[in-house]
Amino acid sequence: MSRLTKLDKMTQEEKTAVIEDYRNAPDDAMFPPEAIALTCHISLSLLQKMRCEGTGPVFSKLSAKTILYKKEDVLNWITEREQKRTI
């Protein structure tokens, strides 16, 4: 049995509140990985993998356990990945 992530422990109402907070925040606001994973519809493990590979959004590592993402950097990362067709 796998371990529950912070996202697994959140109620749907809590998840919705986190997404709304992100959407309503100014572009210079900082968010933890959970908010980015929920907003971008990706798992925390994928976000972590992208941090290790350098393929995800720009992030700040304040300590060994504290990672934050600036909303503007996440939006730029999404924009850079826009596609006109599938390959």
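This passage describes the predicted model of a single protein chain, from its overall fold to selected residues.

The model is predicted, so that local features are reported only at a pLDDT of at least 70 and side-chain atom pairs only at pLDDT 80 or more, whereas totals for chains, interfaces and linings use all residues. Residues are numbered from 1 along each chain as its sequence is written, and side-chain values rest on heavy atoms, with hydrogens and water left out.

The secondary structure of the protein chain comprises five helices and three strands, where helices (H or I, at least four residues) and strands (E, at least two) are DSSP runs numbered from the N terminus. Read from the N terminus, the elements follow the order α-α-β-α-α-β-β-α. The C-alpha trace spans about 35 × 30 × 30 Å along its principal axes. The accessible surface amounts to about 6,600 Å², of which 52% belongs to carbon and sulfur atoms; such areas come from the Shrake-Rupley method with a 1.4 Å probe, and for residues only the protein chains shown count as cover. Of the 87 residues in the chain, 30% are buried, a term that stands for under 20% relative accessible area, with exposed for over 50% and partly exposed for values in between (1.4 Å probe, protein chains only). Among contacts with a separation of 6 or more, 49% are made by residues 24 or more positions apart, contact being defined as heavy atoms within 4.5 Å.

The largest nonpolar core contains 20 residues, and those with the most contacts inside it are Phe-31, Ile-36 and Leu-47; a core of this kind is a set of buried Ala, Val, Leu, Ile, Met, Phe, Trp, Tyr and Cys residues joined through side-chain atoms within 4.5 Å. At least two residues of this core are supplied by each of α2 (12–24), α3 (33–40), α4 (44–53), β3 (66–70) and α5 (71–80), and the largest share, five residues, comes from α3. When residues up to four places away in sequence are not counted, Ile-36 touches Tyr-22, Phe-31, Leu-47, Tyr-69 and Val-74. Helix α3 also holds Glu-34, which is buried with a relative accessible area of 16% and which, leaving aside neighbours within four places in sequence, is in contact with Lys-6, Leu-7 and Leu-44.

In helix α4, the residues Leu-44, Leu-47 and Met-50 are buried. These three residues lie on the same side of α4, because they cover an arc of only 120° around the axis, the arc being that of the directions from the helix axis to the C-beta atoms. The buried residues of α4 pack against α1 (6–9), α3, β3 and α5, whereas the face turned away from the buried side carries the exposed residues Ser-45 and Cys-52. Just after α4, Gly-54 adopts a positive phi of about 80°; Gly-54 belongs to the loop between α4 and β2 and is exposed, at 60% relative accessibility. A positive phi, of about 60°, is also found at His-41, although His-41 is not a glycine. His-41 is located in the loop between α3 and α4 and is exposed, with a relative accessible area of 69%.

Two aromatic pairs are counted under the rule that rings of Phe, Tyr and Trp (its six-membered ring) pair if their centres lie within 6.5 Å, with planes under 30 degrees apart counted as stacked, over 60 as edge-to-face and the rest as tilted. Phe-59 and Tyr-69 form a tilted pair, at 6.1 Å centre to centre and with 55° between the planes. Because Phe-59 lies in the loop between α4 and β2 (60–63) and Tyr-69 in strand β3, the pair ties together parts that are ten residues apart in sequence. Phe-59 is partly exposed, with a relative accessible area of 33%, whereas Tyr-69 is buried at 0% relative accessibility. Arg-51 lies over the face of Phe-59, at 6.0 Å from the ring centre, and the charged end of Lys-71 sits over the ring of Tyr-22, 5.3 Å from its centre; for a charge to count as sitting over a ring, NZ of Lys or CZ of Arg must be within 6 Å of the ring centre and within 35 degrees of the ring normal.

Ala-29 is placed in the loop between α2 and β1 (30–31) and is buried, at 17% relative accessibility.
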